[in-house]
Amino acid sequence: MTKSTTFPTTHDTASRPRAPDARDWRCRKCFKLLGRRSARSVHVNFARGHQYIVSTPVTAVCRCCGTLNEIHKTT
Ligand SMILES: [Zn+2]
């Protein structure tokens, strides 16, 4: 497994979306999209249009495979 720890440390990451995939929060097992990372929060989308913006640490169970996924920090 390889971890992608190539997050830029500058503040203007929004103006230059160099790696859009780096903001995706995906299931570590089946790679299903669970949410989107923001600067200090995680934007979670549910299937029926419910949206939640939560702050880290976040724990979510993948609706596809049931794997527990955690985010401790978004940066
Ligand atoms: Zn999954």
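Reply: What follows describes the strands and how they pair.

The model is predicted. The chain has zero helices and six strands, and from the N terminus its elements run β-β-β-β-β-β.

Four of these strands make up an open sheet, ordered β1-β2-β3-β4, with antiparallel pairing. Strands of a sheet pair through backbone hydrogen bonds, and the pairing can be parallel or antiparallel. The edges of this sheet are β1, residues 24–26, and β4, residues 51–55. Each has a single partner strand, so one side of β1 and one side of β4 have no neighbour in the sheet. On average, neighbouring strands here are turned by 30° against each other, direction ignored.

Arg26 has its bridge partner in β2, namely Leu33.

Two further strands form a hairpin. Strand β5 covers residues 58–61 and strand β6 covers residues 68–71; the two run antiparallel and are joined by four bridges. Val58 is placed opposite Ile71 of β6. Between β5 and β6 the hairpin has six residues, and Gly66 takes a positive phi near 80°.

For the chain as a whole, two figures give the setting. Of its 75 residues, 4% are buried. Of the contacts between residues at least 6 apart in sequence, 35% join residues at least 24 apart.

Notes:
Residues are numbered from 1 along each chain as its sequence is written. This is a predicted model: local features need pLDDT of at least 70, side-chain atom pairs count only at pLDDT 80 or more; totals for chains, interfaces and linings use all residues. A residue is buried if 20 or more other C-beta atoms lie within 10 Å of its own, exposed if 12 or fewer, and partly exposed in between; C-beta atoms are placed from the backbone. Two residues are in contact if their C-beta atoms, placed from the backbone, lie within 7 Å. Two strands pair if DSSP finds at least two bridges between them. Axes are lines fitted to C-alpha atoms, for helices over the stretch in contact, and angles run from 0 to 180 degrees between N-to-C directions.
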